[in-house]
Amino acid sequence: MAFSADDFQFMARALRLAGHGLYTTTPNPRVGCVLVKDSRIVGEGWHEHAGGPHAEVVALTAAAAGARGATAYVSLEPCSHQGRTPPCVDALIAAGVSRVVAAMEDPNPKVAGGGLRKLHEAGIRTESGILETEARELNIGFVSRMTRGRPWLRVKIAASLDGRTALRNKTSQWITGADARRDGHHWRARSCAVMTGIGTLADDDPRLTVRDVETPRQPLRIVVDSRLRITPEARILDDGGVLVATALRDEDRSRALAKKGAEVVVLPNAEHKVDLLELAKNLGARGINEVLVEAGVNLNSALLRAGVVDELLIYLAPHMLGDAARGMLDLGELTEMNQRMLLNIQETRMIGQDLRILARPAAQVPGV
């Protein structure tokens, strides 16, 4: 299918609009819509928050009568089911648009091509697949939850150039510069949840809230704590919105945490640790699209072995800490080079004086 230069231009605009909802739309996808007639934009909009009007409705409202005969460029297939708001396909049909171009089909089984099919049956010309990769990346967590039943899990690591994350005495603040730390808050803000382990709580007592970025909401904070060692005095509990995943059923400790506004979920595996795959599925059932992990080597490595890590967000600082310092990951002893953990580099970028690398596992992790 051949798309015109105008098609690419207006879909790129729809994707930029969708990006305005980066921090706000969860658990819904980020969607933008541009209405065009005679090569001129007559209306546009984006989905701002769950329960609010969808991008198509915002754009149609802005266009009013100008929508009749227009082409609608939508970064995700218009919905065809009744959710918190009516189906967008009905609004597009009623407005009299002549063509709908979607960047990608909706992976939600409730839609999954049904929106475009209903538009086609109403006599509206439909096309999809333009800038699909960009659209999928924008909603990679939503796609993951719809197709795999679990969120997209991104592990953030700050390290020295020789791959060390802390001194032997556990000192780790600050490995990277202020710009990189501020950038990390952008990744927190776009995530539905931030996950850490009990070891990080014991060492640093973090709050894990978004502070350096303006955002209307705070992500859920998740603590993986197999033996339920977290105390009600932990700073992460001060702001509410905390889920504690444990392998130990202890009603007294759970009640104490509940008084601080935390929820405790018991998910043991055969080794009396938290079953991390079950935790990922639990989060998917809660509508969590993206999880940012800010933890230490133990939890990071356990998540890799559980096969739930989708992406590594690594900040490398321009200094060395030496062999005595702590490493990034524990992959066990490798005896052959074909046991290496292979990565696909998605992006590299300088953030201040630090190098940010976005990478995805390309093969099975040793030990899985």
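Author: Contact here means heavy atoms within 4.5 Å, while axes are lines fitted to C-alpha atoms (for helices over the stretch in contact), with angles running from 0 to 180 degrees between N-to-C directions. The model is predicted, so that local features need pLDDT of at least 70 and side-chain atom pairs count only at pLDDT 80 or more, whereas totals for chains, interfaces and linings use all residues. Residues are numbered from 1 along each chain as its sequence is written, and side-chain values use heavy atoms, with hydrogens and water left out.

The part in question is an open sheet of five strands, ordered β2-β1-β3-β4-β5 and mixed in its pairing; strands (E, at least two residues) and helices (H or I, at least four) are DSSP runs numbered from the N terminus. At its edges stand β2 (40-46) and β5 (125-128), each of which pairs on one side only, where pairing requires at least two DSSP bridges between two strands. Direction ignored, neighbouring strands of this sheet are turned against each other by 15° on average.

Helix α1 (residues 5-18) lies across β1 (32-37), β2, β3 (71-74) and β4, and runs at about 145° to β1. Helix α2 (residues 55-63) also packs on the sheet, where it touches β1, β2 and β3, its direction making about 140° with that of β2.

Helix α3 (residues 88-95) packs against helix α4 (residues 114-121) at an angle of about 25°, their axes being 10 Å apart. The two are therefore roughly parallel to each other (under 35 degrees; over 145 is roughly antiparallel, 65 to 115 roughly perpendicular, the rest oblique). From α3, the residues Val 89, Asp 90, Leu 92 and Ile 93 meet Gly 115, Lys 118 and Leu 119 of α4.

For context, the model also has an open sheet of nine strands, with mixed pairing and the order β11-β10-β9-β8-β12-β6-β13-β16-β15. Its edge strands are β11 (262-266) and β15 (343-351), each pairing on one side only, and its neighbouring strands are turned by 20° against each other on average, direction ignored. There, helix α10 (residues 276-285) lies across β8 (193-197), β9 (220-224), β10, β11 and β12 (290-293), running at about 165° to β9.
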